[in-house]
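Subject: Structure handover

Hello,

Here is the structure for your files.

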Amino acid sequence: MNINRVTLLGTISDAPTFREVGSTGVLKINLCTVKHVVKKDGSEIDIKSFHRCEIWGKRAAELNGTINEGDSLFVEGEIKYGSYENKEGRKVYTTDIAIGFGDSVVAFPSGGELVQEAADDNPFN
């Protein structure tokens, strides 16, 4: 058995972008997670990680304009690797979190209250 599963709870770090890809929509979001660390000398630091997330299908259209920079977001999806060639002709490798049908998305405004739990657009239900 193989499992490719990611669960993240973080803060949207900049404005989400929506576009149509063929007959479906994709909402691209940068999600920031923070790990609080106490060093050996007792000092404390926060280590930030940024995750590129792509929400696909009906869920993308539903959340477009509903979630904003600074909002908290819980997502479940899968890791997707890709690559492209940049303007200088160099290959750039990417890692994204793909959220499609059957995956979870729950959004909270900056105040922390539930805004919307996106509907599941699984065509097999």
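The notes below cover the model itself, one hairpin, the cysteines and one alanine.

This is a predicted model, in which local features need pLDDT of at least 70, side-chain atom pairs count only at pLDDT 80 or more, and totals for chains, interfaces and linings use all residues. Residues are numbered from 1 along each chain as its sequence is written, and side-chain values use heavy atoms, with hydrogens and water left out.

Strands β2 (residues 17–21) and β3 (residues 24–38) run antiparallel and are joined by five bridges. Strands here are DSSP runs of E with at least two residues, numbered from the N terminus, and two strands pair if DSSP finds at least two bridges between them. Two residues lie between β2 and β3 in the hairpin, and G22 in the turn has a positive phi of about 65°. Across the pair, E20 faces G25 in β3.

Cysteines. C32 is buried at 11% relative accessibility (buried means under 20% relative accessible area, with a 1.4 Å probe and protein chains only). C53 is also buried, at 2%. The disulfide count is zero, where a disulfide is a pair of cysteine sulfur atoms within 2.5 Å.

Alanine 98. A98 belongs to strand β6 (residues 91–99) and is buried, with a relative accessible area of 11%. Beyond its neighbours within four places in sequence, A98 contacts E54, G77, E78, K80 and D103 (contact means heavy atoms within 4.5 Å). W56 is 42 residues from A98 along the chain, and their C-alpha atoms are 7.6 Å apart.

Regards

Technical notes. Helix = DSSP H or I, 4+ residues; strand = E, 2+ residues; numbered from the N terminus. Buried < 20%, exposed > 50% of the residue type's maximum accessible area, 1.4 Å probe, protein only.
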